[in-house]
Amino acid sequence: MITMKRILFSLVAAGTMLAASAQNAVKPAIPEDQNIEQKVDALMKKMTLDEKIGQMTELSIDVIAKRTNPFAGIDPQNFKVDDLKNILKKYQLEKQFDLSAGMPSKEVMMNIYQAIQAVESRKGFQLDEAMLDKVIGKYKVGSILNVPAGVAQSKEKWEEIIRKIQEKSMKEIGIPCIYGVDQIHGTTYTLGGTFFPQGINMGAAFNRTLVREEARISAYETKAGSIPWTYAPVIDLGRDPRWPRMWENYGEDAYVNAQMGREAVLGFQGNDPNHIGKEHIAACLKHYMGYGVPVSGKDRTPSSITVQDMREKHFAPFLEAIKAGALSVMVNSAMNNGLPFHANYELLTKCLKKDLNWDGVVVTDWADIDNLYKRDKIAANKKEAIKIAINAGIDMSMDPYDVNFCTDLKELAQEGEVPMSRIDDAVRRILRMKYRLGLFDTPDYKHQDFPLFGSEQHAAVALQAAEESLVLLKNTDHILPLASGKKLLITGPNANSMRTLNGGWSYSWQGDKADECATAYNTILEAFTNKFGAGNIVYVPGVTYKQGGAYWEENTPEIEKAVAAAANVDYIVACIGENSYCETPGNLTDLSLSENQINLVKALAATGKPVILVLNEGRPRIMNEIEPLAKAVVNIMLPGNYGGDALANLLAGDANFSGKMPYTYPKYINSLVTYDYKPCENMEKMQGAYDYDAVMSVQWAFGYGLSYTTFAYSNLKVDKSRFTSGDLLTFTVDVRNTGTRAGKESVLLFSSDLVASLTPDNRRLRAFEKVNLEPGESKTVTLKVKASDLAFVGYDGKWILEKGDFRIQVGDQILDVTSVETKKWKFLI
């Protein structure tokens, strides 16, 4: 019997086919390569249903890891002390444990087990050949992800692991595996690789060239380990400081994320997305989309984003990066207005694939098809969840542990619940990406062919990125740079930690292995000791994080020791903020800086010695109580392995600050706002980045940042004061270094729509350029803005540029321009 549900499904499928033919009017986001398409067609004709479904499956490396059970073969009901002695002898541990009194206690048994696991771990990660045969031989799985044993591997080990996987894949199915990792701020899962600042810092640098270079270097070094796919860049908008993933993206602004996302894609992939060369890898944009504004502020919880904000702001970075040729997209784990993104046909298929005519791969985030029934309750079981997600537009499931995805999807295909046309489309996309990566010709590489891996040349770029990303927020009486020969107290829980400099996704998921893996690099304490001399440095932390505890846990403070040490120094450098965290474990209930750290700063300020606050944190923590007590404040965020050296260079005056705030730093817990607020939100004289004397209801504004020199703006001009929707507006402004030091200035252009049919944002960033100026030097900076960029999404969901006036501001320079027509678009590409 044909049910109404089946009829509706057929109509949807028919509509999909019609929409697919209509999309030909849109220029392909990635130019079609006929040679690749012919290869995909030929291979598809040979593939079985099992092989096709296997290509849509991605499993964690843990599934094929060799696991050793030292007690295998022993009857637990008849476990004797002699059995345990034999095990200890096998692992050469008999001298460490005394069994003369018989079977040990449970605590000692746990110590024995941990000692055995330590011996096994020293052997290094090993693949389980039987599991490899099951995963690839039986289930034909086409993708593996993640880092072995939860910690970064050497490039040699990566090459060994991936070569074995590729040999098995090519032998069994004739199709290479695609291996993916989260290398989001450099080569972060490869030992000895170059780490860059996190995304939030790269946003603060306002330097497109550095972002592209970071991605290029990361691609080169990732490929040295034969890894062809990274889950980066992160182009969510960090618009809620409570959110634990705020530091992964480029800040709160849509335009900055769009520009940096574009540069990252070009750096990772090169200029030809159909032919990813030996030194490049596939990018994966994440997390599509609206992930950064959960109502609760907590990770993977619901958002309530309007159509206008979704299209104008959250979609903008993805649109720009797709146009740059991004080969894949990862989906937001949460939901918007009750509909999980992994089930959203409108956004996954219509908006992304059809409207943009994009032929790349859509991959789930971790276990997110399972979440449709386990967490979100829109499916009764896994099979139904798979049906919903695949039909919505998911091409590959990061399952990541369960091969039953293959079984369930095969049944759905055989039952007609998932059309073969949908499966074929997904597999084509995956095969196309593998051909574009050249994996069929070169499934793996030799690490020796990448001699610049971890080189000084790469390190120099990472150091420059760190220096340009640190933001000087306060410098009373020009206390910085520090006078030479003075004694410094280095204090605070972040002073002697590589973990806090790097944050999450650094050697391990939570970043907790950084202190043991990054010993070759300098903490803030070590960098300052090298820069100012050991005789001028006193180190007493006062507050420390609890080793092995939750990221927010601290030990009993010893503030009195730090206060005592302050008696014999000239300056106090208090390094405060957060320990590392990542994703959901980083959720918080209070955005305030910890009480221990606040008390530490108060006590140190009471000594009368000048205090320099160093904020080392992934998100802004409320610190309005202690900001007035500091002579200087530097926001270093998460600057990476070279962050300590960068800070030392800047505070010594060997480099100049040029970073600007990539987000709005809140002053009060109930006053969270972004710079592009609505007029009715009535900020107190928040005139923007250049009104340094403003009394703000925020701690520091988006775009704010000081330098050791000063800059003057003049002569703002535009080539078209009256324009139509198709025009390109070219603005010029003169910027002069009026100080005595060389410096770099990020020139930001803001627009304000003075009257609109929907209440306009107070202002929007539309363009930026960074210039380097010697003392007394002046340059004319050119900033280009498409007239269509001044459009907004109307109440009817369509883009509209309305006739009327716009105010343009660059520095303290203001001029008005006028749109002489009203124009509507269904969507803008």
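**Exercise 1.** Find how strand S22 and strand S27 pair, and over how many bridges.

*Solution.* Start with residues 743-753 for S22 and residues 804-810 for S27; the two pair in the antiparallel sense over 5 bridges. Here strands are DSSP runs (E, at least two residues) numbered from the N terminus, and two strands pair if DSSP finds at least two bridges between them. Now widen the view to the open sheet of 5 strands, whose order is S20-S28-S27-S22-S23 with mixed pairing. Its edge strands are S20 (722-723) and S23 (764-773), each pairing on one side only.

Before we go on, a word on the model: it is predicted, so local features need pLDDT of at least 70, side-chain atom pairs count only at pLDDT 80 or more, and totals for chains, interfaces and linings use all residues. Residues are numbered from 1 along each chain as its sequence is written, and side-chain values use heavy atoms, with hydrogens and water left out.

**Exercise 2.** Work out the strand order of the open sheet of 6 strands, and which strands stand at its edges.

*Solution.* Read the order first: S11-S16-S15-S14-S12-S13, with mixed pairing. S11 (471-475) and S13 (537-539) each have a single partner strand, so one side of each is left without a neighbour in the sheet. Then look inside: S12 (residues 488-491) and S14 (residues 571-577) pair in the parallel sense over 4 bridges. Finally, isoleucine 490 stands opposite valine 573 in S14.
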